[in-house]
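Please examine the sequence and the three-dimensional structure shown below.

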Amino acid sequence: MNDVEAIRFAQRVLGLAWADLPPRHRELLEAIGAEGWDATVRPLGTYADELLRSAGYWGLDLPARIGRDRARGLWIPELRVVLINAVHPDYEGLDRPSRENALARVAWHEWGHALSLHGATREDVAAGQKLLESLPSELADTIRLAGYLRREYTHEVVAEVYALLMVRRRRGVIGRPQWVSDQVDELIRRVVGWIQ
Ligand SMILES: [Zn+2]
């Protein structure tokens, strides 16, 4: 897959991932202004920095840029756009269906971020550590070891659980998974309007 094909592939996957969202979530995302996306082959921190600067914002400082250069996806609240890296090294060697699943999961995660940043309260953000600890340890470790700040935990929990719920929904599985704690369940219901 060359760069042009990779971008086209990602755009198509994002369209399908968007169409899979529950209609109420699409409406909410549209109300927030989070229905825009862009697939790129450039490192996301560098690309986001350029987009922000050309729109008159400060841009990202060096650590933020370097950190985000490694990201598979990014929600930029200022620009109301989800950026997807169409050629992230994580996708190397994946067959098409696996690549599609991986990209869709990134998109759902980023839309989860948009919903979380919009709907989570200051108290929710302050409860990040507790929320993280209520997740199964494997999932909690993924977030903990990724180097997020404590104040980012809540948004990561919402985004990641949201993406996992969407993966299940696409498979036709609905309802609350056993591993979602009461606390996280309440948060997701309130912030996103899940769980069906
Ligand atoms: Zn995230």
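Which residues have the most contacts inside the largest nonpolar core? The structure is a predicted model, in which local features need pLDDT of at least 70 and side-chain atom pairs count only at pLDDT 80 or more, while totals for chains, interfaces and linings use all residues. Residues are numbered from 1 along each chain as its sequence is written.

The residues with the most contacts inside the largest nonpolar core are Ile-84, Ala-107, Leu-115, Val-158, Tyr-162 and Ile-188, and the core has 50 residues. A nonpolar core is a set of buried Ala, Val, Leu, Ile, Met, Phe, Trp, Tyr and Cys residues joined through C-beta atoms within 7 Å. A residue is buried if 20 or more other C-beta atoms lie within 10 Å of its own, exposed if 12 or fewer, and partly exposed in between, with C-beta atoms placed from the backbone. Helix α9 (residues 153–170) supplies the largest share of this core, nine residues. Helices (H or I, at least four residues) and strands (E, at least two) are DSSP runs, numbered from the N terminus. At least three residues of the core come from each of domain 1 (1–94) and domain 2 (120–196), with bounds taken from an automatic or database domain assignment.

β2 and β3 pair in the antiparallel sense over four bridges; two strands pair if DSSP finds at least two bridges between them. Gly-73 stands opposite Ile-84 in β3. In a regular strand the side chains alternate between the two faces of the sheet. In β2, Gly-73 and Trp-75 point one way and Leu-74 and Ile-76 the other way, and all are buried. Arg-80 lies in the loop between β2 (73–76) and β3 (81–85). The phi of Arg-80 is near 55 degrees, a positive value in a residue other than glycine. Arg-80 is partly exposed, with 14 other C-beta atoms within 10 Å.

Finally, consider the whole chain. The protein has ten helices and three strands, which follow the pattern α-α-β-α-α-β-β-α-α-α-α-α-α along the sequence. The radius of gyration is 16 Å, close to the 16 Å that the globule rule gives for 196 residues, so the protein is as compact as a globular protein of that length. This radius is taken over C-alpha atoms, and the globule rule is 2.2 Å times the number of residues to the power 0.38. Of the 196 residues, 37% count as buried.
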